[in-house]
Amino acid sequence: MTITDLPNAPAAAGELTVWPASTTRLPHGGLAVGGVPLSEIADRFDTPTYVLDEGEVRGRCQTYRDSFPDADVLYAAKAFLSRAMVRWVQEEGLGLDVCSAGELELAVTAGFPPERIVLHGNAKSPHDLEAALRLGVGRIVIDSPSEIARIAAAVGPSGRQKVMVRVVPGVSAGGHDKIRTGTEDQKFGLSLTDGGAQHAVARILGQPHLELTGLHCHIGSQITEVKPYLVALRRMIGLMARIRDTHGLVLPELDMGGGHGIAYRPGEPALDLTALARRLRTELVDGCAAAGLPVPRLAVEPGRAVVGPAGVALYRVLAVKHTGKNVFVAVDGGMSDNPRPALYGVRYAPRLVGRHSTAGPRTATVVGRHCEAGDILASDVPLPGDLHPGDLLAVPVAGAYQLSMASEYNLVGRPAVVAVHEGTARLLVRRETLEDYRSRDIGV
């Protein structure tokens, strides 16, 4: 299978460039993904529904392994996690990075080796740490000074836990202020400039039950340029050299995080994965040589870039309203299954599927069914002028940070997730029902 929309691939001309590579056109205006018509999925599984192309996910995992052959590639589970996703990632040779006991225990109970898992989080709960130590997680990334003593005490007198220190390198990068994590004006990590990271290192080295294996940084999300990663890498190498000089310790690991940007609409920029891998390796080798350090084992943590372009969201049109010069197309989902437009102003490119329209395009805004004026899925997008209730809309690049950020707002219920592969569709995650709510609500 050829993956045409990986971050390192040039965008081809055409409106399907941001769709899964398996996407094919069908007669009468239909589309198929993974060999399965989207209209058939909507009829069989109802809407809203997320469609996940297994072949696309696996292909993207393989491309990361090929691009970083001498590094650890850890899939960022927060983007999307299910038992099937755990299996795909494991079979393609990736590790996992998780942010909670819930993500960790789902992965381990699905068969993922805990030693290949890294636990993150700026505020790890006692339950998070207990689960990590009980299950034997490979690394815990320390994000604040208070975690050092907590983890050491929880390890116990006969144990030893491998840890890393999350460093704030002072690099601003990312597609929105709310997803920029490399500067000191946000909640993550320990500062490089005020000595916080160095102080944490010294404290860890004083704990016999903790083994410091390396440094970690994550500068943001939806980053489409290589340069910020190189700047951060240089600063991390500088810190590793200072740790060597101060403590006589040569750290064997360096995790540069993820945040690799993808295109959500045709023509948008995406991170060049090939360039990133090549230039990171060159900078790492040259920087370590200049500092007199051995080259540490590199790790990267892609999430969105693995699963985002593999997903398609399906919605039924419930109403079309003409208000002055505005056309509002209301669908049967919204911010409860995709809060990203409201949170980050993300732009999508929805498309009519299931029938062919001869009507000319008209600018419309696709809105959800929830009681919020900000419940908008796609603003000012071209859609056929004869769009009507019952039509099926498909939104590509819907695999990441949608279902994982979904809510119970208005008790609409979170959508189902359906996997497609080689002409077969199967349910991965069932639709949330009213019975699910009733079973949790025990008060009278």
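Glu422 is found in the loop between β20 (416-421) and β21; helices (H or I, at least four residues) and strands (E, at least two) are DSSP runs, numbered from the N terminus. Its phi is near 50°, a positive value in a residue other than glycine. Glu422 counts as exposed because its relative accessible area is 69%, where exposed means over 50%, buried under 20% and partly exposed in between (1.4 Å probe, protein chains only). The model is predicted, so that local features need pLDDT of at least 70 and side-chain atom pairs count only at pLDDT 80 or more, while totals for chains, interfaces and linings use all residues. Residues are numbered from 1 along each chain as its sequence is written, and side-chain values use heavy atoms, with hydrogens and water left out.

A positive phi, of about 55°, also belongs to Gln222, which is not a glycine. Gln222 lies in the loop between β11 (210-216) and α8, and it is buried because its relative accessibility is 17%. Another backbone feature is the cis peptide bond from Thr47 to Pro48, with omega near -5°. Pro48 is located in the loop between α1 (38-45) and β4 (49-53).

Glu432 occupies the loop between β21 (424-429) and α12 (434-440). With 14% relative accessibility, Glu432 counts as buried. Its side chain makes a polar contact of 2.7 Å with the side chain of Arg414, and another of 3.4 Å with that of Tyr437. A polar contact is a pair of N or O atoms within 3.5 Å; within protein, one must be able to donate a hydrogen and the other to accept it, and residues adjacent in sequence count only if both atoms are side-chain atoms. Leaving aside residues up to four places away in sequence, Glu432 touches Glu408, Gly413, Arg414 and Tyr437, where contact means heavy atoms within 4.5 Å.

The strands come next. Strands of a sheet pair through backbone hydrogen bonds, either parallel or antiparallel. Here, two strands pair if DSSP finds at least two bridges between them. An open sheet of three strands has the order β1-β2-β3 with antiparallel pairing; its edge strands, β1 (24-25) and β3 (36-37), each pair on one side only. The table lists three pairs of strands.

| Strands | Sense | Bridges | Opposite residues |
|---|---|---|---|
| β1 and β2 (residues 31-33) | antiparallel | two | Arg25 and Leu31 |
| β5 (residues 72-76) and β6 | parallel | three | Tyr75 and Leu96 |
| β7 (residues 117-119) and β8 | parallel | two | Leu119 and Ile140 |

In strand β6 (residues 95-98), Gly95 and Asp97 point one way and Leu96 and Val98 the other, and all are buried. In strand β8 (residues 139-142), Arg139 and Val141 point one way and Ile140 and Ile142 the other, and all are buried.

Finally, two helices meet. The axes of α7 (residues 196-205) and α8 (residues 227-247) come within 11 Å and cross at roughly 45°. Axes are lines fitted to C-alpha atoms, for helices over the stretch in contact, and angles run from 0 to 180 degrees between N-to-C directions. Ala197, Gln198, Val201, Ala202 and Leu205 in α7 meet Leu239, Arg242, Ile243 and His247 in α8. Arg242, in helix α8, counts as partly exposed at 39% relative accessibility. Not counting residues up to four places away in sequence, Arg242 touches Leu192 and Gln198. The C-alpha atoms of Arg242 and Asp380, 138 residues apart along the chain, are separated by 52 Å.
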